[in-house]
Structure formats: C-alpha cells, structure tokens
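Please look at the sequence and the model below.

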Amino acid sequence: MNIFPALLKRLFPLAALLLAASCAADPDLYDVVGDPSEALLREQLTTLFGSPAALQLPTAAELDRIPADPNNPLTPEKIALGKFLFHETALGAAPVKAEGLQTYSCASCHHASAGFQSGTLQGIGEGGSGYGLLGEARRKADTYAPEELDVQPIRSPTILNTAYQEAMLWNGQFGATGINAGTEPAWTPGTPKETNTLGFEGLETQAIAGIGVHRLHLEASLLTDYPRYKALFDTAFPEIPEDQRYSDRNAGLAIAAYERTVLPDAAPFQVWLRGEEGAMSEEEKQGALLFFGKGKCFQCHSGPGLNGMSFHALGMGDFDPDQVAGTVDDATRKGRGGFTGKDEDFYTFKVPTLYNLKGLRFFGHGGSFSSVGEVIRYKNAGVPENAGVPEQYLSPDFTPLLLDEQEVYLLTRFVEEALFDPNLQRYEPEALPSGLCFPVADPVSRQDLGCD
C-alpha cells in the first residue's frame with residue numbers, strides 16, 4: 001500500500017502551522033519569501049526619502065496636502081469654477097478673427113486625452129481645426145495664415161503635478177517667489193513676464209498671463225448669458241468686492257487653483273505607495289528599482305510629482321522649423337538663460353513630470369523624440385543631438401548611464417505603465433455651463449467630438 005499521500009495529508013497542516021508562526025514572528029521574512037522586489041523597493045525608497053510615503057500624491061479632495069500659493073488659498077468653490085473656466089470655449093472671446101470666437105480654451109493645448117499636454121507636436125489655440133480622437137488631428141485652419149495662429153515656439157507642458165513646481169514654463173519665467181527671487185530685471189514691462197509683479201507663485205502668474213496671451217477674456221456677457229458663472233464667482237471669491245470680482249485676474253486664480261488639483265494619484269505606483277502591493281507588475285517593480293537606483297532618474301525627477309525645480313542642458317533638439325508655425329527665437333533656444341540672461345542658465349530647461357507619458361508621440365521641449373524609450377536611450381547614451389548647444393553648456397550629469405537593453409526596457413515599463421493614471425477624464429467637467437463643445441469648438445472639432 002502506498003502510504004505517501006496519507007503521510008502528506010497528516011504533515012501538511014503541521015508545515016502550514018510552522019510557516020504561519022515563522023511569518024508572524026518575522027514580518028520581513030514574509031516580504032522576502034512572498035515578493036523580494038516589494039521589500040527591496042520599500043527599503044530603497046526608505047533609504048532615499050525616509051519613507052515611501054514621501055512620494056505619495058494627495059487626492060484632489062485633500063486640499064490641506066496640496067501645495068498652494070498663500071495668496072490664492074484652495075477652496076472647493078474656487079476649484080469648481082476653475083475646472084469649468086479651464087475648459088470653457090466661451091472664454092475664447094478675444095480672437096484675431098471673428099470665426100475664432102468661442103472655439104478654443106486653455107484645454108485646447110492641455111487636454112486630458114493627451115495627459116494634459118497637446119496631442120500634436122505644436123499646440124494650437126485659436127486658428128486650429130479638428131481634434132481627432134485624442135487631439136492628434138488638430139491642424140491649422142485653412143482660413144488662417146501661420147502668423148495668425150495662437151501657438152508657442154516650444155512644446156505645451158502638462159499641467160499634471162504642477163502644484164509641485166513653484167515656477168512655470170520650460171524656462172521658469174512665471175512666478176515671483178522662490179527661485180525667481182532676484183529675477184526682477186527680467187520682468188519686462190509690456191510683456192507677459194510683467195505679470196510677476198503681482199507677487200503670485202508660478203501657476204497663478206502663468207494662468208493670469210495666459211488669459212491675455214492666449215486670447216481669452218471674461219466678457220460681461222459670459223455672466224449674463226450663463227448666470228451659473230456669476231454664482232460660481234460669487235461663491236469662489238466672496239471676500240472680493242463685487243465690482244472687482246468678475247475679472248480676468250480672478251478667472252486666472254480659479255484656473256490655477258484647479259490646476260493644482262490635477263494629480264495622477266490613481267497611477268499604479270501611487271496605488272502601490274498607498275499599500276496595495278499587487279498594484280505594479282514584476283517588470284514595473286524592477287524598473288522602479290532602476291529608476292531609484294542605477295538609472296539615477298530620481299536625482300532630477302524628484303518629489304511626489306517626479307518633476308522638480310532644477311534646470312538642465314541635455315542638448316535636446318528644438319522645434320524643427322519646417323514642422324511648426326512661427327519661428328523658434330533665440331531666447332526660447334536658450335531656455336532658462338533666455339529669461340535670466342545668465343550664462344550658467346543658457347540652454348537649460350526645467351525638469352518635467354514623468355506621469356502619463358504612455359501613448360504620447362512627442363517628447364522633449366522640442367518634441368524631437370517619439371517615445372519614452374527613445375528618451376531613455378538618449379539619456380543612457382549621453383550624446384547630445386542638438387549641434388546648436390555648445391559643449392561647455394551641457395550638464396555635467398549628462399553622461400552615459402551604462403544601462404543594458406533589458407534595463408532600458410524595464411525602466412521604460414515603469415515610466416509608461418506604473419506612472420500612468422488611466423482616468424484623467426475625472427478632471428474634465430461633464431458639460432460646461434455654456435453648453436458649448438470643449439476642449440475646442442471649431443466646426444471640424446465639433447464633428448470629431450460628437451458635439452453637433
């Protein structure tokens with residue numbers, strides 16, 4: 001008679017009991033036996049930051065945890081108004097051509113479907129036509145000359161995690177505090193940079209300046225035609241006298257308050273940081289170990305936003321003039337140095353967030369890369385692509401990382417998958433008080449978006 005099955009049946013409960021007792025006595029043993037990568041990553045983040053929780057983003061509802069401008073306190077009412085205004089095509093009230101009236105918004109170049117960047121190489125506000133599925137089909141309208149378009153000579157940066165950056169734009173020119181203290185001579189009167197004299201931080205300054213730059217305006221008719229907006233302003237700014245309440249300045253402050261809450265806290269890495277150990281795949285965890293280890297990515301992409309306030313010259317390409325409207329001026333090419341005028345800032349650009357890059361087609365300030373993997377390989381090689389950047393200006397940190405192809409693959413998986421929040425649409429309104437189409441409302445876009 002074969003007694004082996006019977007013996008196993010009798011011994012199995014004892015083995016299970018011993019294993020359970022062992023794990024209960026030593027919690028770390030469970031981590032090692034269950035998932036070594038989990039334990040290693042927690043240990044790595046604890047060593048670097050004191051705790052993995054240091055990288056955890058708040059939710060949009062945790063206003064006390066979201067960095068805010070002391071001169072623009074976050075309130076649910078202000079955020080609700082800003083959410084509408086950011087997407088409101090009726091705010092497109094100062095076009096250069098009559099046909100552009102109420103056809104564009106802030107979200108024209110920063111929409112959820114493209115990770116709050118632009119779905120095209122060069123974002124187009126007024127003068128654009130079409131949208132496609134993810135903003136990828138937006139083009140210059142046939143009736144607009146190139147010089148009539150509302151475009152910028154650089155990639156439209158995302159609004160994701162901008163609460164963790166005190167100065168805005170690739171060159172950090174917007175913001176009156178922090179790193180911009182001492183840059184007052186560069187706040188040129190008569191230019192958008194003069195908005196810094198209001199004394200706000202970067203997001204607030206950019207939002208106020210952007211209303212004028214991008215041909216937006218809070219017309220009195222917006223309040224009379226759509227009375228809900230008047231009520232929203234009243235609840236968002238009750239402390240401001242009524243004769244000063246309904247202004248472009250306050251519209252900008254509301255938009256900035258909303259932008260601070262646009263946080264990709266549902267990304268798998270964030271879910272893992274909150275304690276759900278199965279939130280990331282094994283490849284993503286291995287990629288995270290590289291990100292916070294050999295790859296040294298965390299040295300620049302830091303804090304909960306994995307962005308930062310440092311500027312680096314990595315020799316990346318500017319816009320190809322044959323592919324965009326307008327020209328790339330010398331100040332834009334010089335990045336931070338084009339704003340400050342300081343030699344040590346020439347050709348440096350601000351560190352962007354790495355969240356929600358999957359599915360995008362243009363990377364770098366000049367959109368010269370077409371995938372996350374391309375960017376990682378570029379940084380891994382440490383060879384500049386832009387011959388217009390003199391070698392002496394390149395960052396001393398721009399050196400080969402010595403990652404092998406498998407490590408590049410794993411690092412790419414972490415950035416593309418673990419840092420991807422699949423539901424940024426929760427930051428869009430279901431509908432606008434105006435009832436208009438958004439994020440763009442030209443005739444072709446309305447058809448693409450199913451608004452007609």
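The structure holds 18 aromatic pairs, where rings of Phe, Tyr and Trp (its six-membered ring) pair if their centres lie within 6.5 Å, and planes under 30 degrees apart count as stacked, over 60 as edge-to-face and the rest as tilted. F346 and Y347 form an edge-to-face pair, because their ring centres are 6.3 Å apart and their planes stand at 80 degrees. F346 is buried at a relative accessible area of 15%, and Y347 is buried at 13%; buried means under 20% relative accessible area, exposed over 50%, and partly exposed in between (1.4 Å probe, protein chains only). Ring pairs also join F49, F269, W272, F291, F292, F298 and F414 into a cluster.

This is a predicted model, in which local features need pLDDT of at least 70 and side-chain atom pairs count only at pLDDT 80 or more, while totals for chains, interfaces and linings use all residues. Residues are numbered from 1 along each chain as its sequence is written, and side-chain values use heavy atoms, with hydrogens and water left out.

Charges also sit over rings, meaning that NZ of Lys or CZ of Arg is within 6 Å of the ring centre and within 35 degrees of the ring normal.

| Charged residue | Ring | Distance from ring centre |
|---|---|---|
| R336 | F311 | 4.8 Å |
| K358 | F420 | 4.4 Å |

S113 is partly exposed, at 24% relative accessibility. S113 touches Y131, L134, G135 and Q425, leaving aside residues up to four places away in sequence; contact means heavy atoms within 4.5 Å. From S113 to G341 there are 228 residues in sequence and 36 Å in space, C-alpha to C-alpha.
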